Amino acid sequence: MSESKEDNKSKREKFLAEMKKIVEEAKNKTPEELQVSYKGILYPSLLCSEATFQAMETFEAREDDLLIMTYPKCGTNWTIEILHQMLFELQNKEPTIDQAMFEFGKPEKYEDLKHQPSPRLFASHLTYDNLPKSFLKKTKILLILRNPKDTAVSYFHFLNNNPVLPTMRSWDSFFDDYITGNVIYGSYFDYTLGWEKHIDDGNLLVLTFEEMKADLLAELKKISEFFGINLTDEQFQKVQEKSTFKSMKEKSDKTHGNMGKVFFRKGEIGDWKSLFTEEQSKQVDAKFEEYLAGTKLGEKINYSKYCTY
C-alpha cells in the first residue's frame with residue numbers, strides 16, 4: 001500500500017473515530033442543544049462553532065481549490081465522491097482526504113489546511129454571503145441544486161436518522177419549520193436566491209440532482225471541463241461506475257461507518273409524494289413562485305416537471 005493510501009486510511013479511521021465520539025456526546029443533548037445560531041442561521045452545534053466560523057473568515061483560497069456548494073440533502077456526498085474519483089483517475093494515486101465539509105471541525109483545522117497539497121477539495125452548505133471572501137474571488141464553484149420538495153422529505157428523514165442532529169416530532173412539524181427556514185442551515189429559498197444574484201459572476205457551474213440522475217456521464221463531463229480535470233473515456237467510465245448511488249450505498253459502511261445508512265437512504269426523484277399533503281404542496285408552490293419563479297436558477301430546477309402531481 002502506498003504512503004498516500006496509508007495516510008488516507010489513517011485519516012479515514014480518525015474521522016470515523018471522531019464521528020463515533022460525537023454521536024456518543026449527542027446522546028446527552030436535547031434537540032435544542034444540538035443546534036447553535038450564528039449570524040441568524042442555525043447550525044449543528046457538535047460540528048460547528050462560533051470560533052470555527054471566525055477562524056474560517058480569513059482562510060485563503062487557492063485558484064485550483066475545488067469547491068462544492070449545496071443546500072443540505074441536495075447531493076453533497078455524491079458530488080464529493082465524484083470529485084474524489086476524478087482526482088484519483090487524474091493523479092493515479094489516492095487524493096488527500098480530510099473532512100471535506102468546510103465549516104465542520106475545530107478552528108485549528110484551517111492552519112492544517114494551509115499545508116495540504118493542491119488540489120484541495122471542499123464542500124459546504126454555507127450561504128454565498130457566509131463563505132470566506134477569498135473563495136468568491138479566486139475559486140471555481142460547483143453548485144448542486146435539487147427540487148425543494150424532494151429536498152424537504154430527504155432532510156426530514158436525515159434529521160430523524162442522524163443522531164448528531166435534532167430529531168423532529170413529526171413530518172408536519174418539520175414542514176412548518178422548513179417552509180419558514182427555521183431549520184439547520186436556514187431557508188432553502190433564501191439559500192438558492194442568494195446564489196441567483198451571482199449566477200453570472202463567471203466562476204459558477206450549476207448542475208441539478210435530477211440531471212445527474214438522468215445522465216450522470218454527461219454531467220461528469222461538464223464537471224471535468226469546468227475544473228480542468230482532463231480524463232479519457234475509460235476514466236470517465238470508471239468514475240461513473242464508482243459514483244452511482246447504488247455503488248456508494250454499497251460501500252458506505254467503509255466510507256461512513258455506521259452513518260452510511262443515514263447518508264445514503266434512497267436518492268430518488270419524486271419521493272416527496274410519500275409525505276406531502278396537497279396543502280403543503282401548495283405552500284411550497286407559493287414559496288417557489290415568490291422567490292424563484294422567473295429566475296435562472298428557478299428555471300434550472302425545472303419545478304413544473306419535478307414538483308407537480
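This is a predicted model: local features need pLDDT of at least 70, side-chain atom pairs count only at pLDDT 80 or more; totals for chains, interfaces and linings use all residues.
**Salt bridges, a pocket and a cavity**

Visitor: Is Glu 211 buried, partly exposed or exposed?
Guide: Buried means under 20% relative accessible area and exposed means over 50%, with partly exposed in between. Lys 300 has a relative accessible area of 28% and is partly exposed. Because the relative accessible area of Glu 211 is 24%, Glu 211 counts as partly exposed.

Visitor: How many residues apart in sequence are the parts that Lys 296 and Asp 200 tie together?
Guide: The side chains of Lys 296 and Asp 200 meet in a salt bridge at 2.9 Å, N to O. Lys 296 belongs to helix α16 (residues 296-301), whereas Asp 200 sits in the loop between α8 (188-196) and β6 (204-208), so the parts tied together are apart in sequence by 96 residues.

Visitor: Which class of accessibility does Lys 27 fall into?
Guide: Lys 27 is paired with Glu 24 through a salt bridge of 2.9 Å, N to O. Glu 24, at 43% relative accessibility, counts as partly exposed. Because Lys 27 has a relative accessible area of 59%, its class is exposed.

Visitor: How many nonpolar residues are in the lining of the second largest pocket?
Guide: The second largest pocket has a volume of about 290 Å³. Its lining comprises 14 residues, and those closest to its centre are Gln 35, Pro 166, Thr 167, Met 168 and Asp 177. Divided by class, this lining has 4 polar and 3 charged residues, and the number of nonpolar residues is 7.

Visitor: How many charged residues does the lining of the second largest cavity have?
Guide: The structure holds 2 cavities of 30 Å³ or more, and the second largest cavity contains about 30 Å³ of space. The lining is made up of Tyr 128, Leu 136, Ile 141, Trp 195, His 198, Asp 201, Asn 203 and Leu 204. Of these residues, 5 are nonpolar and 2 polar, and the number that are charged is 1.

Notes:
Residues are numbered from 1 along each chain as its sequence is written. Side-chain values use heavy atoms; hydrogens and water are left out. On a 1 Å grid over the protein atoms alone, a cavity is a set of points where a 1.4 Å probe fits but cannot get out, and a pocket is an open set with protein on both sides within 12 Å along at least five of seven lines; lining residues have an atom within 4 Å of a point. Grid points are joined across faces, edges and corners, and a volume is the space filled by probe spheres set on the points. Ala, Val, Leu, Ile, Met, Phe, Trp, Tyr, Cys and Pro count as nonpolar, Asp, Glu, Lys and Arg as charged, and the others, Gly among them, as polar. A salt bridge is a side-chain nitrogen of Lys or Arg within 4 Å of a carboxyl oxygen of Asp or Glu. Buried means under 20% relative accessible area, exposed over 50%, partly exposed in between (1.4 Å probe, protein chains only). Helices (H or I, at least four residues) and strands (E, at least two) are DSSP runs, numbered from the N terminus.
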